[in-house]
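Hi,

Here is the structure I promised to pass on. Have a look at it first, and my notes come after.

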Amino acid sequence: MSVSDVLTKHADAFRNKLEMTDKFSLGDMTGLLDHFNPIVNPNLLKGTKDFNKGDFDWTMSVATDQKDPLGNAVLLRDGLWSGTHQRIHFDEGWYTFSCYLKADKNVQEGGIGIYANLNGTGDQGLIDSPISYDNNLVADCFSVEPDTWIRKYVTFNVVKAGKGNPRVELAKNSGNIYFSSFKLEKGKMMTPWCPNVADKVEG
């Protein structure tokens with residue numbers, strides 16, 4: 001599925017809704033603007049439609065039969081840390097990481113975190129973030145409305161090139177989180193999800 005195909009899929013969905021009703025919520029309009037954003041930055045992560053195990057390490061997560069709002073595969077994590085991730089090289093500069101995310105009612109307040117660096121030392125990149133912890137945490141631990149899909153994103157600045165692995169993790173040991181459609185892109189702006197140019201994604 002090309003970037004053009006992804007945008008056409010969104011266009012068809014909104015056209016069908018418009019034919020059924022003339023009432024649009026603020027969320028509908030925000031989504032419309034997002035999906036028709038003329039700028040679609042390349043996704044630097046591979047295999048994000050189905051979390052291809054050849055690209056991702058997700059031994060601590062499990063597959064589900066759910067699909068996210070884009071129709072992509074959804075993984076479940078029910079324990080602390082060990083988030084599904086793909087190791088990637090960061091050049092210096094700004095990046096934006098985004099994903100679709102849902103949590104059940106048992107996830108504690110502030111129980112979700114987004115991380116980007118490798119644990120430990122070695123060849124990891126260095127992230128400059130005012131909320132970073134040991135140059136790892138790039139999003140304050142946050143909460144979401146239970147059982148509701150959202151698209152969450154963070155921006156961060158890599159000041160020393162090296163390896164990283166953006167991921168979502170449970171920071172408190174309760175509840176389940178569901179996640180999908182990872183996207184890592186250069187710059188400070190989130191743009192619509194798309195597959196990596198190297199992916200061979202079925203329509």
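Below is what I found, starting with the ground rules and the overall layout.

The model is predicted, so local features need pLDDT of at least 70 and side-chain atom pairs count only at pLDDT 80 or more, while totals for chains, interfaces and linings use all residues. Residues are numbered from 1 along each chain as its sequence is written, and side-chain values use heavy atoms, with hydrogens and water left out.

**Layout**

The chain has 2 helices and 10 strands (DSSP runs numbered from the N terminus, H or I of at least four residues for helices and E of at least two for strands). Read from the N terminus, the order is α-α-β-β-β-β-β-β-β-β-β-β. Of the 203 residues, 48% are buried; buried means under 20% relative accessible area, exposed means over 50%, and partly exposed is in between, with a 1.4 Å probe and protein chains only. The accessible surface of the chain is about 10500 Å², and 52% of that belongs to carbon and sulfur atoms (Shrake-Rupley method, 1.4 Å probe; for residues, only the protein chains shown count as cover). Among contacts with a separation of 6 or more, 80% are between residues 24 or more positions apart; a contact means heavy atoms within 4.5 Å.

**The core and its strands**

In soluble globular proteins, nonpolar side chains tend to be buried together. Here, the largest nonpolar core has 27 residues (buried Ala, Val, Leu, Ile, Met, Phe, Trp, Tyr and Cys residues joined through side-chain atoms within 4.5 Å). F97, L101, I112, F156 and I177 have the most contacts inside this core. Two or more core residues come from each of strand 3 (88-90), strand 4 (93-103), strand 5 (112-117), strand 8 (150-160), strand 9 (162-170) and strand 10 (177-186). Strand 4 gives the most, with 5 residues.

L101 shows both pairings: I150 stands opposite it in strand 8, and F179 is its bridge partner in strand 10.

What about strand 5: how many of its residues are buried? The count is 6 of 6, so strand 5 is largely enclosed by the rest of the structure. It runs antiparallel to strand 9, joined by 5 bridges, and I112 has L170 as its bridge partner there. I177 touches both of these residues: leaving out residues up to four places away in sequence, its contacts include L101, I112, V168 and L170.

**Salt bridges**

There are 3 salt bridges in the structure, each a side-chain nitrogen of Lys or Arg within 4 Å of a carboxyl oxygen of Asp or Glu.

- R167 and E169 are joined with their closest N and O atoms 2.8 Å apart. R167 is buried at 3% relative accessible area, and E169 is buried at 5%.
- E185 and K183 have their closest N and O atoms 3.8 Å apart. E185 counts as buried at 0% relative accessibility, and K183 is buried at 0% as well.
- R77 and D78 meet at 3.9 Å, N to O. R77 counts as buried at 5% relative accessibility.

K172 is in the loop between strand 9 and strand 10 and is partly exposed, with a relative accessible area of 33%. Its C-alpha is 6.7 Å from that of Q108, although the two are 64 residues apart in sequence. Leaving out residues up to four places away in sequence, K172 touches L80, Q108, E109, G110 and G111.

Most residues other than glycine have a negative phi. F51 has a positive phi, near 50 degrees; it is in the loop between helix 2 (26-35) and strand 1 (62-67) and is buried, at 1% relative accessible area. S181 also has a positive phi, about 50 degrees, without being a glycine. S181 is in strand 10 and is buried, with a relative accessible area of 0%.

Cheers

Key
Two strands pair if DSSP finds at least two bridges between them.
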